[in-house]
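Welcome! Let's get to know this structure together through a few questions and answers.

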Amino acid sequence: MKRFFTVILTGILGISACFGLSACSLRVNTLADKDKYTAGNAEITDKVEAIDIEWASGDVVFVQGSGNTVIIEETYQGSLPEDKQMHWCMDGTTLRVRFDISLSILSLGSLTGKKLTVTLPADLVLNNADIDVASADVEAGALRCRNFDFDAASGNVNVTFPDSIDSAEFDTASGDVTVAFGGDVGKLDTDAASGKLTANIAGSLGSFDCDSASGEVIINASGKVGSGKVSTSSGKVSISCEGLDGLDVSTASGSVTLRLPENIDMTLDIDTASGDFESEIPFSIKSDGKYVIGSGTANVNIDTASGDIIINKI
């Protein structure tokens with residue numbers, strides 16, 4: 001899921017931090033077909049079915065508008081030469097937005113105040129929204145799309161999807177992910193080196209795969225979860241749902257809490273070096289040491305080196 005833009009800029013940020021630089025310059029030729037791009041703010045009257053954004057630093061904000069066109073606006077305290085202004089183009093029905101014409105001189109220190117605001121018609125449902133940032137926060141109060149892909153070297157993301165969504169993917173090196181879904185979610189994938197994940201789902205969740213080196217993983221689904229996998233080196237894991245088909249949780253350090261209905265059917269296989277097991281839901285113990293609740297249909301495996309395992313009833 002990571003693209004060249006994010007990988008390169010992650011390295012830039014690391015070098016800047018190591019040497020205490022407030023700004024840095026590097027030529028990164030990521031903008032193909034430069035002649036197709038236009039500089040500056042714009043109101044897009046063409047049909048837009050997908051959005052692809054690469055933004056270096058500052059903020060990216062999505063808002064709903066009252067009109068029927070897409071509006072992209074860049075704000076910055078000061079004047080910018082044309083090559084440092086936002087550039088955009090229509091590629092078929094995909095709107096592509098870039099931080100500047102080629103990211104040829106990336107002044108992370110001096111251009112951190114660049115803010116991109118994308119205004120979308122209230123009834124527009126995008127097929128794809130693809131956001132790639134180096135050091136920027138992303139906020140969307142109501143983003144309607146079928147597939148969402150977010151990559152960040154550094155930055156928090158706070159997004160609300162009012163509708164059901166086919167897939168949502170978040171890949172962050174450093175930053176919290178807070179996401180709310182107004183309907184069903186087909187697939188949720190997250191990969192974080194450092195940062196907290198909070199996902200609230202009004203419907204069901206088909207599958208999820210969450211990787212975190214350091215940070216909590218919190219998933220609350222009002223409906224059923226098909227299957228899920230969580231792997232974290234350090235951080236609490238909390239999952240709440242109305243039912244599940246299967247779950248694998250692996251954590252080196254951190255408690256694991258499941259909130260499930262009392263009539264859940266699952267077989268629980270626990271491996272812990274240091275930690276207690278508590279359950280509000282009655283269970284039986286098989287000869288192989290596995291815990292059985294109900295008919296034991298769903299297989300739940302929890303492996304923790306240090307941390308309590310708690311089963312609470314909804």
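Q: Which residues are linked in a network of salt bridges?
A: This is a predicted model, in which local features need pLDDT of at least 70, side-chain atom pairs count only at pLDDT 80 or more, and totals for chains, interfaces and linings use all residues. Residues are numbered from 1 along each chain as its sequence is written, and side-chain values use heavy atoms, with hydrogens and water left out. A salt bridge here is a side-chain nitrogen of Lys or Arg within 4 Å of a carboxyl oxygen of Asp or Glu. The network joins D52, E54, D91, R96 and R98.

Q: How many salt bridges does the count come to?
A: The same rule applies here, a Lys or Arg side-chain nitrogen within 4 Å of an Asp or Glu carboxyl oxygen. By this rule, the count comes to twelve.

Q: How far apart are the closest N and O atoms of K114 and E74?
A: These two side chains form a salt bridge. K114 lies in the loop between strand 6 and strand 7 (115-121) and E74 in strand 4 (residues 70-75), so the pair ties together parts that are 40 residues apart in sequence; strands are DSSP runs of E, at least two residues, numbered from the N terminus. The closest N and O atoms are 2.6 Å apart.

Q: Which residues form the covered face of strand 10?
A: In a regular strand the side chains alternate between the two faces of the sheet. In strand 10 (residues 157-161), N158 and T160 make up the uncovered face. The covered one is formed by V157, V159 and F161.

Q: Which residue in strand 12 is the bridge partner of V157?
A: Two strands pair if DSSP finds at least two bridges between them. Strand 10 and strand 12 (residues 177-181) pair in the parallel sense over five bridges. Within this pairing, the partner of V157 is V177.

Key: Buried < 20%, exposed > 50% of the residue type's maximum accessible area, 1.4 Å probe, protein only. Helix = DSSP H or I, 4+ residues; strand = E, 2+ residues; numbered from the N terminus.
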